[in-house]
Structure formats: C-alpha cells, structure tokens
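Let us take a friendly walk through this structure, one chain at a time. Have a look at it first, and then read on.

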Amino acid sequence: MSTLAEEIKKPETLNGVERPNANALEHEAIYIMREVAAQFEKPVLLFSGGKDSITLVRLAQKAFWPAKIPFPLMHIDTGHNFPETIEFRDKLVEELGVELIVRNVQDSIDEGKVVEETGKYASRNMLQTTTLLDAIEEFKFDACIGGARRDEEKARAKERIFSVRDDFGQWDEKNQRPELFDMLNGEIEIGQNVRVFPISNWTELDVWSYIQKENIEIPSIYFAHKRNTFLRDGLIWSAEDDVVFRADDEQVEERMVRFRTVGDMSCTAAVESHADTIDKVVAEIRDSRISERGARIDDKRSEAAMEKRKQQGYF
Amino acid sequence: MEVLKIATAGSVDDGKSTLIGRLLYDTKSMTDDKLEAIERTSKQKGYDYLDFSLATDGLVAEREQGITIDVAHIYFSTPSKSYIIADTPGHVEYTRNMVTGASTSQASIILIDARKGVIEQTHRHFFINNLLRVKDVIVAINKMDLVDFSEETYNKIKADFQELMKKRDYQDQTITFIPVSALKGDNVVNRSEHTPWYKGQTLLDHLEELDQKDIYNTGTPRFPVQYVIRPKTDDFHDFRGFAGKVYGGELNVGDEVVVLPSMTRSKIKDIYFYDKQYSTAPRRSSVTITLEDEVNVSRGDMLVKVGDLPTVDKQLTATVSWMDGTDFTPGGKYVLQHGVNKVLAKVDAIEHKIHPDYSGIEENVTALQMNDIAKVRLRLNKPIFYDRFKDHRTNGSFIIIDSRTNNTAGVGFIE
C-alpha cells in the first residue's frame with residue numbers, strides 16, 4: 001500500500017521549468033493565512049458555506065499542507081440558510097477533519113439579546129453581529145478570518161487585511177493601521193481581536209476563476225436550477241422557503257435561476273441564469289453588468305449602510 | 001492572471017477620483033447598479049456631468065467633506081491584466097497614506113492640474129515615489145480641456161517636472177508624461193482627438209504594456225521563515241517544512257543555503273506548493289521548503305544562498321517616515337518588525353529631518369511628528385538580517401510598532 005507521501009502529485013511545467021503557478025493573489029492569501037497561524041493564539045475561520053469562505057478553506061489547506069488546517073471553522077447560523085449550504089458544510093468539514101463550531105442566531109433571539117425584525121424586508125443579517133461577537137468572547141478568539149473582498153462595496157474598499165476590533169467588536173475606520181509592503185502587524189491587547197481578510201484583493205471573477213481552476217466543489221444553488229420565485233423591487237426572490245416574506249399579491253412563477261451569494265435567504269435575491277456549470281458561471285460573471293451585492297437588499301437601505309453595520313461589528 | 005498594483009497621488013481637486021472613475025467607466029468595469037447610483041447622486045447634486053469620484057470616495061466623512069481621507073482600493077481588469085488602484089489622498093497632512101499606498105505598488109500615477117502646473121505638492125508626490133522606489137511613474141497632466149489642450153502648456157509642465165527629476169536619488173525609475181482630461185475621457189483609455197501633437201500612449205495602453213521586468217525590483221533571493229510545518233502524522237512523521245514567501249530572486253532544489261542567524265549550512269531538499277513538488281520557487285511564491293539536514297529553524301529565521309549573505313547587525317541607519325500622533329524621540333523604545341521578524345529597537349539619534357519637497361534637510365531635530373521623514377540611527381536588542389533598501393525593497397524595509405498602543409507608527413528604509 002502506498003503512503004500519502006508517495007502519492008505526491010507531479011508538478012506542472014511552465015516554459016520547461018517546474019514551478020508553481022503565478023497567481024499572485026493566491027500566493028498573497030497563503031502568506032496571510034500563515035501570518036494568522038503564527039501571530040495569534042486562537043484564530044478561527046468564519047465559514048458561511050458561501051463560495052468565498054469555501055475558497056478560504058482551500059487556501060488554508062494549501063498554506064499548511066501536509067498538516068491539517070491549524071484552526072477551527074465557525075458558522076454563525078442565521079437559521080435562514082439554504083438547506084443545500086448546510087449539507088455542503090457538513091460534508092466539507094468531515095472531509096477536512098477540522099473542528100466546526102456552530103452558533104445560532106435563533107439562540108440570541110431566544111435569550112432576548114436581539115429582536116427579530118418584522119415586515120417585508122425582515123432579515124437576520126444584522127442580528128448575526130450579536131451572535132458573532134458573543135461567540136468571539138465565548139471562545140476568546142483573537143483572530144477571525146473572513147472572506148470579505150474590497151471590490152464588494154465602497155466601505156470594504158478601505159478595510160485593512162488585518163483589521164483591529166476593540167472590546168466591543170467595533171471598527172474605527174478613521175484610526176486604521178497603515179499596512180506597508182507585506183508586513184502585517186497583529187499586535188493587540190487582551191479583549192481586542194483582529195478580523196483578517198486574505199482575499200481582500202480578489203474580485204468576484206477572481207474567486208470564480210479560482211474555483212474553476214482548482215475544481216473546488218460548491219453548493220448547488222450557485223448553479224442554474226428551476227425554482228419557484230416571485231418578483232419584488234425588480235429582484236427575484238425564492239418562493240420555496242417560509243423565511244422569505246411574500247405578500248399575497250406577489251405572484252409565484254417558476255424561473256431558471258441561480259444565486260450569486262448564499263447569505264441569509266431572506267435578503268438574498270436570485271438572478272435569472274442558464275449557467276449550470278462552473279465554466280458557464282465564469283463566462284456569465286465575466287459579462288455581468290450587475291455587481292454581486294446589487295442582489296443584496298440590506299446594502300440598498302442607504303448609501304452608508306455597510307459602513308454603519310461594520311462600525312457595529314458586522315463582518 | 002497578472003496583477004498590477006498602482007498608487008495614485010494628486011492634490012485636492014486634481015481629479016484623482018475622477019480619473020479612476022473614468023478608467024472604470026471606459027474599461028466597462030463599472031457595473032450597471034453602481035453606474036445608476038452615480039447617475040442618481042450626480043443628478044441630486046445638480047451636476048450636468050457624471051461625478052465619477054462618487055465611485056471611490058467610500059466613507060461617509062469623505063462624502064460629506066467631498067474629499068478622500070484614507071486609502072481605498074479599486075479594482076478593474078482588462079483581458080490581459082488585473083489592476084488594483086490604491087487611491088491615496090494628496091493633502092499635506094497625509095504623507096503617511098501616500099507612503100502606504102506606494103509601498104505595495106509597482107506603478108504610480110502623479111496627477112498635475114494643467115492650470116496650476118508643478119506645485120509644491122507635486123514635489124512631495126514625486127519625492128515619495130522616489131523614496132519608495134516605485135519602478136514606473138506616470139505623470140498625468142490633467143484638465144487639459146481647461147487649457148484648450150495646449151501643447152505649450154503641456155511642454156512647460158513637462159520641462160518643470162524634468163527639472164525636478166534632476167534631484168532624484170533613484171535613477172532607474174521610468175517616467176512617462178501623458179496629457180489627459182479625466183472628466184472628458186481624453187487619453188485615459190481612448191486616444192484624444194484634441195491632442196494630435198501627442199504621439200505617446202494613452203494611460204491604459206501604457207499600463208497594459210508594462211512587463212513584469214519593468215515593474216519589479218529584483219535582488220538576491222531571501223526566504224524569511226513564517227511558520228514551521230510539522231504534521232506528525234504517520235505519512236509525514238519526520239516532515240519539517242519551512243513555510244514562507246520567496247523575495248528578490250528564485251530558489252531551486254539543490255541550492256546550498258545558510259540559515260540565519262545560526263549560520264548553519266544545508267541544501268534545499270524539496271520545494272512544495274500544496275501537495276506538489278517543484279524544482280523552482282519563483283520570486284513572490286508562497287512555498288514550503290525542506291532541507292537535507294536536520295537543522296533547527298524557527299519563525300523569523302531566514303534562508304539565503306551561500307555566498308549571498310545579507311548584513312547581520314544590531315545597528316542600522318534608515319530613513320524613517322513617521323505616521324503616528326505620538327512623537328518619535330531619541331531614546332524612545334519601539335518594536336521593530338522586519339518582514340516577519342520582531343525585535344526591540346531604541347532610537348540612538350535623529351541625524352536630520354528631510355523635507356519631502358526637495359527643499360533640503362534640517363539638523364538638530366529633537367523629535368519627529370506625524371508625516372515627518374528623517375534619517376535616524378537605531379540600536380536593536382537582537383541582530384536582524386537586512387539588505388539596503390536600494391538593493392532589496394522587501395528585505396531593506398521595516399515597520400515600527402509603538403508597544404504602548406500596538407499601532408504601526410512608522411516605516412523605515414535601511415541605508
């Protein structure tokens with residue numbers, strides 16, 4: 001029987017010289033992962049089951065191979081997940097052999113720490129912040145790795161790679177540490193923690209191209225499928241789940257759709273699409289004329305929506 | 001895909017954000033919903049043009065004051081390259097942000113208002129790009145529409161800038177002049193009909209044609225060890241991999257290396273990237289290296305090629321750019337982070353302050369304040385393994401951390 005060590009794969013050849021691929025963004029992200037493991041006592045990777053966090057997991061695997069990922073994954077579960085995402089999450093964790101921590105927004109609601117929003121635009125997206133901050137305190141995490149990207153939104157464009165949060169989980173955007181060359185300063189006081197964004201410099205297309213090239217498995221809802229949906233404010237919403245509020249006059253219709261993000265179902269709209277393979281999805285994104293967060297209603301609340309949520313500790 | 005990081009510098013109202021917005025718009029990188037938001041807000045404000053600066057000025061405070069106060073990162077791509085623009089503010093008091101943006105960039109755009117020409121701010125922008133040794137500098141002479149696309153004005157500004165270039169330290173920098181109108185789109189992505197006298201490239205064409213060798217400063221290979229990988233599994237029981245990023249030049253299997261600071265010699269046995277082995281670790285790759293011999297290596301150590309040793313010393317002279325609200329003073333103690341290595345540093349002396357507008361130096365300085373640049377002497381509690389900044393951009397730089405606040409308080413370039 002051959003051992004794992006003997007099965008190490010043959011390298012790629014480029015111009016006759018055997019060298020790793022030249023994806024500068026990937027090398028940067030791996031460097032950041034290793035800095036987290038080296039500089040912090042208790043890091044955690046925040047895992048939502050979305051494509052960005054799945055990409056983070058692959059990068060962490062690459063950074064520490066042949067050792068296991070040296071930190072747990074944590075899912076802040078809104079209870080409003082697409083069922084496909086949860087199935088996917090559990091399978092991935094089993095394959096990786098890493099610890100998964102799940103903390104539920106429902107518990108925060110039951111404990112009276114947060115109040116469920118009501119009405120047409122009710123969402124648990126905001127409520128996640130409290131559950132997250134409580135979990136950070138519970139486990140004394142000093143670094144939380146997240147999949148946020150600077151191209152997603154204007155306030156995120158100013159976020160650092162190592163972003164310090166105070167005792168209250170607050171982001172002080174006016175007092176951020178300068179980040180020079182490759183040097184990452186992870187020095188913090190007890191009670192503070194750092195949010196780490198290894199794919200800060202990736203765009204949505206970079207992430208999709210990476211998933212394509214690496215042949216990474218992702219939840220099925222990212223691919224085009226038939227779904228009962230209804231229209232509101234020019235956006236397409238899933239009519240298959242109770243958590244999405246639908247008024248009686250909002251008519252259900254079957255459409256061929258896919259999701260570009262897999263956040264809280266109640267605030268994640270679908271897009272019409274026939275892209276049912278990764279190659280088609282990449283081609284679609286390449287030609288796309290609507291930004292990814294354009295389908296997230298929570299950002300449209302006001303121009304400063306994201307910045308306000310970030311100051312309060314939102315990821 | 002190739003990634004090019006670009007820093008921008010310009011004074012308030014030189015049209016930096018507009019230029020970036022124009023690049024996004026003309027390369028069709030701006031999505032419909034973002035464009036609609038800009039149209040809506042431009043209309044609300046009563047403009048008869050699209051205010052592209054709205055695309056980049058992210059923070060509420062910035063929108064209220066109508067200025068950019070921090071570094072923002074903007075992304076666009078063409079079929080051949082991905083671009084990351086660090087939009088850095090140009091106010092006098094924000095030298096720190098400009099230094100930060102330039103430190104991660106391979107190219108830089110300096111904006112000049114054609115009506116104002118080369119001003120004191122331009123001196124500062126050029127000084128910082130020179131200090132940071134940014135390889136490719138584009139001088140975009142903007143608002144050409146407001147000077148009737150005058151060749152004479154353009155030539156006058158170019159001549160003034162060339163006068164300034166005589167003062168620079170870093171001679172290998174490539175400098176290109178382009179007459180543009182960011183607002184109207186001339187020579188940004190599309191060639192202008194209004195400047196038949198200009199025979200050079202548009203801004204985007206210039207960026208597109210930059211080659212890796214044009215934009216990276218190369219040196220000798222340095223491999224600072226970030227993390228030691230010891231899986232201790234049955235399959236990899238004796239595996240001891242040294243994880244890190246290669247800087248300066250490439251490393252190869254079989255290379256004879258010295259481990260610093262122990263000065264132990266060994267040979268590179270294997271180079272891994274994930275679960276594959278390679279014969280070469282190119283510059284800027286994050287790999288894992290194993291050695292032929294059992295050598296004690298930990299984070300902060302460095303692998304270098306035999307016969308190619310850096311300086312190993314506890315004392316150094318450096319140009320420091322101070323970025324903190326608390327003064328930097330002789331006798332002050334700080335944490336110095338050199339790559340991934342941290343040591344304690346004490347300020348021996350401030351030799352002199354350097355005016356970043358090329359107007360000379362100032363001696364007998366007792367303290368440095370935010371945005372000051374000075375030549376200083378530092379003493380360390382442990383030796384670090386460094387090169388001169390002019391020989392090695394990565395291994396010749398460090399950051400200074402104030403251990404009371406943990407803030408990154410300054411950056412240094414070793415002489």
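## Before we start

Two strands count as paired if DSSP finds at least two bridges between them. Helices (H or I, at least four residues) and strands (E, at least two) are DSSP runs, numbered from the N terminus.

This is a predicted model, in which local features need pLDDT of at least 70 and side-chain atom pairs count only at pLDDT 80 or more, while totals for chains, interfaces and linings use all residues. Residues are numbered from 1 along each chain as its sequence is written, and chains are lettered from A and ligands numbered from 1 in the order in which they are written.

## The sheet of chain A

In chain A, 6 strands form an open sheet with mixed pairing, and their order is 5-4-3-6-8-7. Strand 5 (100-104) and strand 7 (162-165) of chain A each have a single partner strand, so they stand at the edges with one side lacking a neighbour in the sheet. From one strand to the next, the twist averages 30°; angles run from 0 to 180 degrees between N-to-C directions, and axes are lines fitted to C-alpha atoms, for helices over the stretch in contact.

How do strand 6 and strand 8 of chain A pair, parallel or antiparallel? Strand 6 (residues 143-145) and strand 8 (residues 193-196) of chain A are parallel, with 3 bridges. Here Cys144(A) has Arg195(A) of strand 8 of chain A as its bridge partner. Helix 5 (residues 128-139) of chain A lies across strand 3 (43-46), strand 4 (73-77), strand 5, strand 6 and strand 8 of chain A, and runs at about 145° to strand 4 of chain A.

## The domains of chain A

Domain bounds come from an automatic or database domain assignment. For chain A, this assignment gives domain 1 (20-206 + 306-311) and domain 2 (220-299). Taken over C-alpha atoms, the centres of domain 1 and domain 2 of chain A are 24 Å apart.

The contact takes 20 residues from domain 1 of chain A and 19 residues from domain 2 of chain A; residues are in contact if their C-beta atoms, placed from the backbone, lie within 7 Å. On the domain 1 side, helix 3 (83-96) and helix 6 (204-214) of chain A are the elements that give two or more residues. That side divides into 5 nonpolar, 8 polar and 7 charged residues. Here Ala, Val, Leu, Ile, Met, Phe, Trp, Tyr, Cys and Pro count as nonpolar, Asp, Glu, Lys and Arg as charged, and the others, Gly among them, as polar.

## The sheet of chain B

Chain B also has an open sheet of 6 strands with mixed pairing, in the order 2-3-1-4-5-6. Strand 2 (72-77) and strand 6 (174-179) of chain B stand at its edges. Strand 4 (residues 107-113) and strand 5 (residues 136-142) of chain B run parallel and are joined by 7 bridges. Ile109(B) has Ile138(B) of strand 5 of chain B as its bridge partner. Helix 5 of chain B packs on the sheet, touching strand 1 (2-9), strand 4 and strand 5 of chain B.

## The domains of chain B

The domain assignment of chain B gives domain 1 (2-215), domain 2 (222-305) and domain 3 (311-414). The C-alpha centres of domain 2 and domain 3 of chain B lie 30 Å apart. Their contact takes 10 residues from domain 2 of chain B and 9 residues from domain 3 of chain B.

Note on methods: Two residues are in contact if their C-beta atoms, placed from the backbone, lie within 7 Å.
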